[in-house]
Amino acid sequence: MSKKAFEFNKTLLCVLILATALLLAGCGGAKSTRAKADETVHTALFDFTCGQAEVIDSYKSISIPDGDKLVQFQISVTNTSEDTYPIYKDDFQLQWGDGDDDFCVGCEPEDDVMLPDVTNLAPGESVSGLIVAKISTDASTLTVAYQENYEDGSNANAYFVDLSL
């Protein structure tokens, strides 16, 4: 084999190794999952289901600012892991548009019908409750977003549940 052919084969081999490494690196990354109302979403530690959202006129003492409307939906969370974990209401962000302010978390619980701020769930246990939120009157859809995080704090898998209003 000539020196020129050897150099070409060596370069080709390096390119193939680099391409393979890049393909393998893309296979292990975080993923995004989308669901609809009443579909169960399976995360690494729990399953959750969001019922259909509805616009409501009022809820207990929650005030509604001008330009906003009040919505509610039922959420159920079941611990599918082998350990006890806290479930935080605010881990489920509500999104409705592309603007920097088009998101929120549910209102603070006004009663025991609403999802508590935090619930420690043992393996196999579930918690259910309403999430009530103030969103823009222009919103016609609502997305419930949950983001898993790695131990180092970086983002892992993301889950989105699309609800119509």
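Trainee: Is Lys 60 buried or exposed?

Mentor: In this predicted model, Lys 60 sits in the loop that joins β4 (54-56) to β5 (68-79). A residue counts as exposed when its relative accessible area is over 50%. Lys 60 has a relative accessible area of 59%, and therefore the residue is exposed.

Trainee: What is the phi of Lys 60?

Mentor: Most residues other than glycine have a negative phi. Lys 60 is not a glycine, yet its phi is positive, near 45 degrees.

Trainee: Which loop holds Asp 38, and what is its relative accessible area?

Mentor: Asp 38 also has a positive phi although it is not a glycine, at about 70 degrees. Its place is the loop between β1 (32-36) and β2 (40-42). Asp 38 is exposed, because its relative accessible area, judged against the cut-off of over 50%, is 58%.

Trainee: Is Thr 143 buried or exposed?

Mentor: Thr 143 belongs to strand β11, which covers residues 141-149. Leaving aside neighbours within four places in sequence, its contacts include Arg 34, Gln 93, Leu 94 and Phe 160. Buried means under 20% relative accessible area. With a relative accessibility of 11%, Thr 143 is therefore buried.

Trainee: With which side chain does the side chain of Thr 143 make a polar contact?

Mentor: Among the residues in contact with Thr 143, leaving aside neighbours within four places in sequence, are Val 161 and Asp 162. The polar contact, at 3.0 Å, joins the side chain of Thr 143 to the side chain of Asp 162.

Methods:
Residues are numbered from 1 along each chain as its sequence is written. This is a predicted model: local features need pLDDT of at least 70, side-chain atom pairs count only at pLDDT 80 or more; totals for chains, interfaces and linings use all residues. Side-chain values use heavy atoms; hydrogens and water are left out. Helices (H or I, at least four residues) and strands (E, at least two) are DSSP runs, numbered from the N terminus. Buried means under 20% relative accessible area, exposed over 50%, partly exposed in between (1.4 Å probe, protein chains only). A polar contact is a pair of N or O atoms within 3.5 Å; within protein, one must be able to donate a hydrogen and the other to accept it, and residues adjacent in sequence count only if both atoms are side-chain atoms. Contact means heavy atoms within 4.5 Å.
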